[in-house]
Amino acid sequence: MCIRDRLEALVGDVLDVYKLDMGKLTLSKQDVDIAELINRTISDLTPITLEKQIDLKSDIRTTKQEVVFCDPKRIEQVLWNLVKNSVDFVPEKGGRVVIRIEKEPNSNSQFIFTVEDNGIGITSVERHNLFNKFYQADTSFSRKHGGTGLGLAISRGIVEAHGGKIWVDDNYTNGASLKFTIPSGQGLNET
């Protein structure tokens with residue numbers, strides 16, 4: 001990523017945080033085909049994963065042509081943030097990242113999106129702070145993972161603006177597993 005791209009990403013992140021803090025983030029919600037959303041996200045992220053020889057797959061556990069009422073660009077932004085973080089912490093040549101979508105068990109009211117990997121995992125201290133603005137899990141002097149510490153805070157704001165929640169799956173022990181929910185209501189209240 002060149003300096004110009006990094007600066008544009010930083011400015012975009014700062015603007016998104018500002019909009020979230022001011023309650024001014026606008027969403028363009030529409031009925032979106034889940035399989036298309038996930039497959040488009042994976043296609044867009046493939047160059048990043050191919051470069052590091054990381055296996056990126058989808059696991060779509062919904063019925064055919066299931067739709068979610070959301071802002072597709074913003075949900076793709078959340079998925080990008082989660083997958084890019086996974087890519088940073090999985091091994092090259094053997095890393096694995098999976099994007100899963102399913103209906104919440106015993107309920108049809110929400111979709112659960114999961115991004116899980118076979119990376120180094122997330123400590124309990126990191127879990128507590130992970131979605132805070134400017135938090136960096138790797139703060140060492142020789143830090144090899146870039147970023148502003150805003151991606152997960154922005155992701156939390158986007159998910160919450162959709163009426164969902166985001167969290168780390170404490171039960172997953174083979175790396176890291178981050179989950180978020182989006183209500184499945186179709187065309188209900190556009191915000």
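Let's start with a pair of strands. Strand E4, residues 96-103, and strand E5, residues 110-117, run antiparallel and are joined by seven bridges. Strands here are DSSP runs of E, at least two residues; helices are runs of H or I, at least four residues; both are numbered from the N terminus. Two strands pair if DSSP finds at least two bridges between them.

A word on the model. It is predicted, so local features need pLDDT of at least 70 and side-chain atom pairs count only at pLDDT 80 or more, while totals for chains, interfaces and linings use all residues. Residues are numbered from 1 along each chain as its sequence is written, and side-chain values use heavy atoms, with hydrogens and water left out.

Now the whole sheet. Five strands make an open sheet, ordered E2-E4-E5-E7-E6, with mixed pairing. At the edges sit strand E2 (55-61) and strand E6 (166-168), and each pairs on one side only. Neighbouring strands are turned by 15° against each other on average, direction ignored. In general, strands of a sheet pair through backbone hydrogen bonds, either parallel or antiparallel.

Next, the helices. Helix H2, residues 34-51, lies across E2, E4 and E5, and runs at about 175° to E2. Such angles run from 0 to 180 degrees between N-to-C directions, and axes are lines fitted to C-alpha atoms, for helices over the stretch in contact. Contact means heavy atoms within 4.5 Å.

H2 also packs on helix H3, residues 72-89, at an angle of about 40°, with the axes 10 Å apart. Their crossing is right-handed, the near helix being turned clockwise from the far one by less than a right angle. Among the residues making the contact are Leu37, Ile38 and Leu45 of H2, and Ile75, Leu79 and Trp80 of H3. The contact residues divide into 10 nonpolar, two polar and four charged. Nonpolar covers Ala, Val, Leu, Ile, Met, Phe, Trp, Tyr, Cys and Pro; charged covers Asp, Glu, Lys and Arg; the others, Gly among them, are polar.

Stay on H3 for a moment. Asparagine 85 lies in this helix. Asparagine 85 and aspartate 117 are 32 residues apart in sequence, and 9.8 Å apart in space, C-alpha to C-alpha.

Two glutamates next. Glutamate 116 is in strand E5. Why does glutamate 116 count as buried? Because its relative accessible area is 11%. Its side chain makes a polar contact of 3.1 Å with the side chain of arginine 100. A polar contact is a pair of N or O atoms within 3.5 Å; within protein, one must be able to donate a hydrogen and the other to accept it, and residues adjacent in sequence count only if both atoms are side-chain atoms.

Glutamate 66 sits in the loop between E2 and strand E3 (67-70). At 16% relative accessibility, glutamate 66 is buried. Its side chain joins that of threonine 63 in a polar contact of 2.7 Å.

Last stop: helix H5, residues 151-161. Eight of its 11 residues are buried, including Leu152, Ile154 and Val159. After H5 comes glycine 163, with a positive phi near 85°.

Key. Buried < 20%, exposed > 50% of the residue type's maximum accessible area, 1.4 Å probe, protein only.
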